[in-house]
Amino acid sequence: MSRAALFWAVTPAQAQDDPALLRILAAPGGVGLMRHARAPGTGDPPGFRLGDCTTQRNLDDAGRAQARRLGERLRAAGLTGAAISASPWCRTTETATLL
């Protein structure tokens, strides 16, 4: 028996506002790709280092709240055993932790 993966690529704000996306992700074989929560600005400052969050563009308070709300929505949709992977940038690892 083969399974098709449903691919879900959205921003945290879209995920919070669209219950249909959560149903797609919760389906067997559902896979999601999400951008980190709100981190004002673009790119990283010159000389940033992956191992040093103080040198990177990071989540602000609104971004942290956004990630927490999305985590609540994911849990409410029954997605409590989902595996989460994140890139080494601090804004992505913090988003994953707060989910």
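Select isoleucine 84 to begin: leaving aside residues up to four places away in sequence, isoleucine 84 touches Ala96 and Leu99, where contact means heavy atoms within 4.5 Å. This is a predicted model, in which local features need pLDDT of at least 70, side-chain atom pairs count only at pLDDT 80 or more, and totals for chains, interfaces and linings use all residues. Residues are numbered from 1 along each chain as its sequence is written, and side-chain values use heavy atoms, with hydrogens and water left out.

Isoleucine 84 lies in the loop between H3 and H4; helices (H or I, at least four residues) and strands (E, at least two) are DSSP runs, numbered from the N terminus. Isoleucine 84 has 48% relative accessibility and so counts as partly exposed. The classes are buried under 20% relative accessible area, exposed over 50% and partly exposed in between (1.4 Å probe, protein chains only).

Next, select cysteine 53 and cysteine 90. They form a disulfide, with the sulfur atoms 1.9 Å apart; the criterion is a pair of cysteine sulfur atoms within 2.5 Å. The count by this rule is one disulfide. Cysteine 53 sits in the loop between S2 and H3 and cysteine 90 in helix H4, 37 residues apart, so the pair links distant parts of the chain. The torsion about the S-S bond is -85°, a left-handed link. Cysteine 53 is partly exposed at 38% relative accessibility, whereas cysteine 90 is buried at 8%.

Now go to glutamine 56, in the loop between S2 and H3. Is glutamine 56 buried or exposed? At 7% relative accessibility, glutamine 56 counts as buried. Its side chain reaches the backbone nitrogen of cysteine 90 at 2.9 Å and the backbone oxygen of arginine 49 at 3.0 Å. Residues that glutamine 56 touches, not counting those up to four places away in sequence, include Phe48, Trp89 and Cys90.

Finally, select phenylalanine 48 and tryptophan 89. A search of the whole structure finds one aromatic pair. Phenylalanine 48 and tryptophan 89 form this tilted pair, 6.2 Å centre to centre with 35° between the planes. Rings of Phe, Tyr and Trp (its six-membered ring) pair if their centres lie within 6.5 Å; planes under 30 degrees apart count as stacked, over 60 as edge-to-face and the rest as tilted. Phenylalanine 48 is partly exposed at 32% relative accessibility, and tryptophan 89 is partly exposed at 26%.

Notes:
A polar contact is a pair of N or O atoms within 3.5 Å; within protein, one must be able to donate a hydrogen and the other to accept it, and residues adjacent in sequence count only if both atoms are side-chain atoms.
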